[in-house]
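Trainee: Could you take me on a close look at the enclosed space inside this protein, and then at what surrounds it? I would like one connected walk through it.

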Amino acid sequence: MNQQTDLAIHGGAKTVTRTFPWPVFDESEVQAVMSIVQSGAWGNPDCKGEVEAFEKDFAAYCGTRYAVSCVNGSVSLRLALIACGVRPGDEVIVPPYTFIATASTVIEANCVPVFVDIDPATYNISPEAIEAAITERTRAIIPVHFAGQACDMDRIMEIARRHNLRVIEDAAHAHGAEYKGRKLGTIGDVGSFSFQSSKNLNSGEGGIIVTNDEPLYQMMASLRNVGRMEGGQWYDHYNPGCNYRITQLQAVLLSHQLKRLDEQTRTRNQNGLYLNELLGTIDGITPLERGFGETLHAYHLYIFKYDKAKFGGVPKDEFVAMLAAEGVPCFKGYPHPLYRQPLFQQKNFMCYAIPDSVDYTGVFCPVAERACSEEAVWILQPAMLGTREDMESFAQAIIKIQKAVCPVPSPTTL
Ligand SMILES: *Cc1c(COP(=O)(O)O)cnc(C)c1O
């Protein structure tokens, strides 16, 4: 029997035969959307009705006083930055191992993203690296709760308070996740979430910002609604906002999806803990460590580190292709840390007020580099809603690949 040809990528049988549906919905979502369609009130220019109802639900769910919905989780970051009072040329500290929006919205706010490395155990932004990067121009930090895992928020908040910096949590992966019993997104000045279709809470597109700070809330609500102010006239515009409103169709969908979030988050968290146990025993596979103080992980991604030395030298991208062929919903992740994107290397900053002295060609964050090129393998969140047996089958798929690429010598050759 040739174990290489047993691999699904070479035509063998798949280890995982089921699929993992996303989004999860039933007749209640269909009815809710249909009733909005029939009402004719598809939009909501006043941000009242279903939009306000969802904002109240989400704020209550998170435990914040305010929530402002908007078109996506990128605009939410930019509105948060502007409301926080950043000025052109201010520096904003961001991790390089995240989606482009965490850094490109800093450019769109006329500020300078300063990339600092991630922690090798958790892949979240390193507090030491944040502290080392602070200058007199630094105005804000955007910690990303990457994959749904809490950043070291006590330390980040302590650093921010000491240097008088604003903290905008990018919680696009972290709906429902908790740090020391508090929901992520509620610890900094502002928390930003995305409702894009891949995210753990979704309405196709959408975003929301939560805060306890009344002036920040008023400004973000105004920027979201064409610069209007509460109580002002329809054609009175006070701030440089645009129409970033969501529709009632999105709002009712989100209200129903929100009811499923707690149970889904608990399932993903349980499955993540179980996968940690299973994969932790495979030589050459290291699950990310769970950070201190984290009580609930959203597992928007389940990430493990791959060591090709224990897999016959098979490069990460080939291993991921083999694992995907076995039926495990997985991905190799970002090809490079963000600062390597042409946007930064070529300084394609167009009309934005980025100082000429800014130069990304020398930036190098070794941990993020290694994560991208060699180590990080992502299992996608719909798969984390599976059963314990599904988690076992993911581990079996990895073991099958390892056996195929590094065959154990047969007894006769020993
Ligand atoms: C998805 C995502 C965003 C942006 O969300 P959109 O709704 O797609 O604009 C921001 N940050 C991170 C880390 C994300 O993964």
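Mentor: Happy to. A cavity here is a set of grid points where a 1.4 Å probe fits but cannot get out, and its lining residues have an atom within 4 Å of such a point. Please keep in mind that this is a predicted model.

With that in hand, the structure holds one cavity of 30 Å³ or more. The volume of the largest cavity comes to about 80 Å³. Its lining is made up of Ala147, Gln149, Asn276, Pro287, Leu288, Glu289, Arg290, His297, Tyr299, Leu301, Tyr302 and Ile303. Strand β12, residues 301-306, gives the most to that lining, with three residues.

Besides lining the cavity, Ile303 is listed with Tyr97 and Phe146 as having the most contacts inside the largest nonpolar core, which has 56 residues. Helix α4, residues 75-83, is the top contributor to this core, with six residues. Domain 1 (3-19 + 259-334 + 368-405) and domain 2 (27-258) both supply residues to the core, so it lies between them. As a general background, nonpolar side chains in soluble globular proteins tend to be buried together.

Leaving aside neighbours within four places in sequence, tyrosine 97 is in contact with Ile118, Tyr123, Phe146, Tyr334, Ala368, Ala371, Cys372, Ala376 and Trp378. Apart from this core lies another, of 42 residues, including Ala67, Ile130, Ile187 and Ile208.

Now the two domains themselves. Their centres, taken over C-alpha atoms, are separated by 29 Å. The contact between them takes 32 residues from domain 1 and 36 residues from domain 2.

Let me finish with two other parts of the chain. Helix α13, residues 388-405, has 18 residues and reaches 26 Å from its first C-alpha to its last, close to the 26 Å expected at 1.5 Å a residue. Among its buried residues are Phe394, Ile398, Ile401 and Val405. Serine 203 sits in the loop between β8 (190-194) and β9 (207-211). The cut-off for buried is under 20% relative accessible area, and serine 203 counts as buried because its relative accessibility is 8%. Not counting residues up to four places away in sequence, serine 203 touches Phe195, Gln250, Leu253 and Leu254.

How values were computed
Residues are numbered from 1 along each chain as its sequence is written. This is a predicted model: local features need pLDDT of at least 70, side-chain atom pairs count only at pLDDT 80 or more; totals for chains, interfaces and linings use all residues. Side-chain values use heavy atoms; hydrogens and water are left out. Helices (H or I, at least four residues) and strands (E, at least two) are DSSP runs, numbered from the N terminus. The expected span of a helix is 1.5 Å times one less than its number of residues. Buried means under 20% relative accessible area, exposed over 50%, partly exposed in between (1.4 Å probe, protein chains only). A nonpolar core is a set of buried Ala, Val, Leu, Ile, Met, Phe, Trp, Tyr and Cys residues joined through side-chain atoms within 4.5 Å. Domain bounds come from an automatic or database domain assignment. Contact means heavy atoms within 4.5 Å. On a 1 Å grid over the protein atoms alone, a cavity is a set of points where a 1.4 Å probe fits but cannot get out, and a pocket is an open set with protein on both sides within 12 Å along at least five of seven lines; lining residues have an atom within 4 Å of a point. Grid points are joined across faces, edges and corners, and a volume is the space filled by probe spheres set on the points.
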